[in-house]
Amino acid sequence: MTKYVYDFSEGNKDMKDLLGGKGANLAEMTNMGLPVPPGFTATTEACFAYLQEGDFPPGSLEEVEEHLVRLEKAMDKRLGDTDDPLLVSVRSGAKFSMPGMMDTVLNLGLNDGSVEGLAKQSDNDWRFAWDAYRRFVQMFGKIVMDVPGDAFEDALDDAKHRKGENAQDTDLDADDLKELHARFLEIYREHTGSEFPKDPREQMTLAIEAVFKSWNGRRAIDYRRQNKISDNLGTAVNVVAMVFGNRGMDSGTGVAFTRDPSTGEKRPYGDYLPDAQGEDVVAGIRNTLPLAELEKIDSKSYGELLQVMSTLENHYRDMCDIEFTIEKGKLWILQTRVGKRTAFAEWVMAADMVEEGLISLDEAVPRVDANRLEELFKRVVSSTADAKPIATGLNASPGAATGKVVFTADDAKEWAERGEKVILVRRETTPDDYHGMIAAQGILTSAGGTNSHAAVVARGEGIPAVCGADAIKIDSPSRSFTANGVRVGEDDVVTIDGFNGAVYVGELPLEESKLERARGGDQEARKEPIWRAFDRLMRHADELRMLKVRANADTPDQASNARERGAEGIGLCRTEHMFLGEERVEAVRQMIFADSGEQEQRAYDALLPLQREDFVGIFKAMDGLPVTVRLLDPPLHEFLPNQVDLAVEVAVAESRGEAGAELDRKKEELRKVNELHEANPMLGLRGVRLGIVKPGLYAMQVRAIVEAACRVKGEGGDPRVEIMIPLVATREELRQMREELEPVAQKDMSEAGQELDHLEWGTMVELPRAAVTAAEVAEVADFFSFGTNDLTQTAFGFSRDDIGKFVAMYEERKLVPANPFVTIDRPGVGRLMRIATEEGRAANEHLHLGICGEHGGDPASVVFCHEIGLDYVSCSPFRVETARLAAAQAALGSSESASK
Ligand code: PEP
Ligand code: MG
């Protein structure tokens, strides 16, 4: 028969699935001999069965009763007793702590009889007893029966007002509280239509039921969706003997962290509130004291607490946060868990714990979150000394930014183009705002959550953002907003802090992060704990990982930047930009308009030296490391003016009766644009298809690459060249291209009198057909690089440019577990990659494989690449460290942290 209830002495910390986080840790601490009040836990399985059947599973209530009787014996008190009553708290506890769930009901077991017992046991402290009773009615009403909390709060305020102008809770005496309790019972009756249950066992059943039901409450469901927590876990319920922190100044309650959760520093940290119950701390009724003050108030309990903190940290081998209560000088531990911490603190703590010998380096590496690593390099507000935020929203994308307020995406773009720094302020953003968002220093929205369009785009682009700052009321007609009485107009300067969601008027000083300065070589910054931690753990990560990490870099600057961040080569050098710039576009257009082979060749001859210079710089920056150069991919019409604009220009000129060479040129351009126009350019004349239709184009690029490499080699360098053909679908495409291009390379080398040591030919695998025929393609390839942007586009049939319009809804409705353009879709796109890897390698044992789509910098995708045995991942330069860390975590098998 299923066991639904566990005494604290029966569980341990590894039973979180069954007992929830709180229950498992209470059990662990009980068995460690720490001062935990006795109690028991109803399991998540009981919750699940209850939710399925709409009733308690058979036998479960009997088990609760058995454990309750045992608890009564252990405490030598009985629930509802009029002389010495047992009181309990009922607390929810899922595997992961979850705001939005029913939380805690204290003082359960009180009724008109047991309140007398409570008074007797507290030396006739009737004030304490009635206060406990009114709190119980209030919490039970609000939490279990959904009575609006305000109704009770208003009644409490009334009671205080009757007492005096500035009366506090503590000014209410026993009679006042008794009266207030009676009022609370009325409120309960008014809102529930029933009497407050006086039978303690009925109170308990109702409370457990309410906890179970809260698993499916709206806010809990939303939270799970947002945080990708399964709906199938259920919550456990803990029933714990009450201890009281509100029994005078020798009592109190608090929260303690074994290390500072924001800086990681090793020192006790927390808050203490004398003469209070736990919910007073949360409700902020009085200001809490810093934990260290407890030493002055009650040095014995403080000493004991420090001892418990050290025991727990050594036991969990991690920073713990602890809830505790002191009742008349006796310390009780009510909860512990491995504590949450900032991205910054997790590095410092992990490295310090290695230093202290508490954990090994292998344990430290998975403790830092690869998904949050980029945050460490973002700019921060250096001082908020004289500034008060005018509003606070969600910290949607890390980093601080300052700039002039603009209200439309078009303005953001236009102002930015004329050199202004702007903050784009919108109620919410839509895909139509994208151009303005990427032009802004920061984004501020008054609506929307951490997964809103603004937040997702901002994080993706590395732009600081504060979202859902609902104090901000935008008034579009007057191009201004107000927030808490402050009016801010277009052109006024604001500063936003994407780390904590604060919004300030005016320009606050910003500074580079310590880590960024340290990486740049700043010796002072290198003395900071964060740099020492980062350096130590990353060095170890590099020893652990099996995947190499390259960067996607198109210019010498990007290449050097990537190398500084630890890139071990370039996995994708897109050559598109080498066709842009005034001089080059002119040559490209000549190539497109050429009527003869000769004219076309002249255009290539003009482009060749320019491209060669670009490659020289890149090969030098990556000397000794592989550089994968991809031949031109996008369709040619991208180098011509916009079809509609041009047609309008021509039509207007003609209607005005204009004539002449300029108009003829425009007409010719329009004819060509029309000729090249495609209904589906993404599936059109691009990639290798372009190479086949315009053979001189790829030949020119190969010459530029090989000549550049020969020059660098001639100067004593070590260029390692990999030439990559995009958008290949068939073996024959690649074979014919190599057949045409290899002789070009050979000829160049012999003309230069050089033989390159490393010259390879490969392809991108970015079409499903190439993936499933990988065995054939691999026969003519030295390497494959997965272009997972296009592979995702073509596997799903989702346009990569338009997915933004509906991907949030797809995620919301769980049609996809995550945006497949961010995290590799393992069953579909991932399977294609696995097939191509296995079959490609089987056909060509020398084949080496990597990935160069955006996924190469996404921690969860890096784990997948490790699993299928790729040789490297390639990602944007600013994600190189993220990929290095994720690859190490994958090698340790700790994908949980990487794919969180
Ligand atoms: C890809 O498709 O994944 C890729 C890297 O190429 P691009 O993004 O340039 O199409
Ligand atoms: Mg592509």
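Helices α21 and α24 are roughly perpendicular to each other (a term for angles of 65 to 115 degrees, with under 35 counted as roughly parallel, over 145 as roughly antiparallel and the rest as oblique). This is a predicted model, in which local features need pLDDT of at least 70 and side-chain atom pairs count only at pLDDT 80 or more, while totals for chains, interfaces and linings use all residues. Residues are numbered from 1 along each chain as its sequence is written, chains are lettered from A and ligands numbered from 1 in the order in which they are written, and side-chain values use heavy atoms, with hydrogens and water left out.

**View 1. The packing of α21 with α24.** Helix α21 (residues 582-593) and helix α24 (residues 661-676) pack at an angle of about 70°, and their axes are 11 Å apart. Helices here are DSSP runs (H or I, at least four residues), and strands are runs of E with at least two, numbered from the N terminus; axes are lines fitted to C-alpha atoms over the stretch in contact, with angles from 0 to 180 degrees between N-to-C directions. Arg589, Ile592 and Phe593 of α21 make the contact (heavy atoms within 4.5 Å) with Glu668, Glu669, Lys672 and Leu676 of α24.

**View 2. The packing of α20 with α22.** The axes of helix α20 (residues 556-564) and helix α22 (residues 597-621) come within 8 Å and cross at roughly 10°, which makes α20 roughly parallel to α22. On the α20 side, Pro556, Ala559, Ser560 and Arg563 meet Asp614, Gly617, Ile618 and Ala621 of α22.

**View 3. The surroundings of ligand 1.** Ligand 1 is surrounded by 14 residues (each with a heavy atom within 4 Å of it), and the closest are Arg574, Arg630, Gly787, Asn789 and Arg800. The elements that give two or more residues to the shell are β27 (570-574) and α30 (788-796), and α30 gives the most, with 3 residues.
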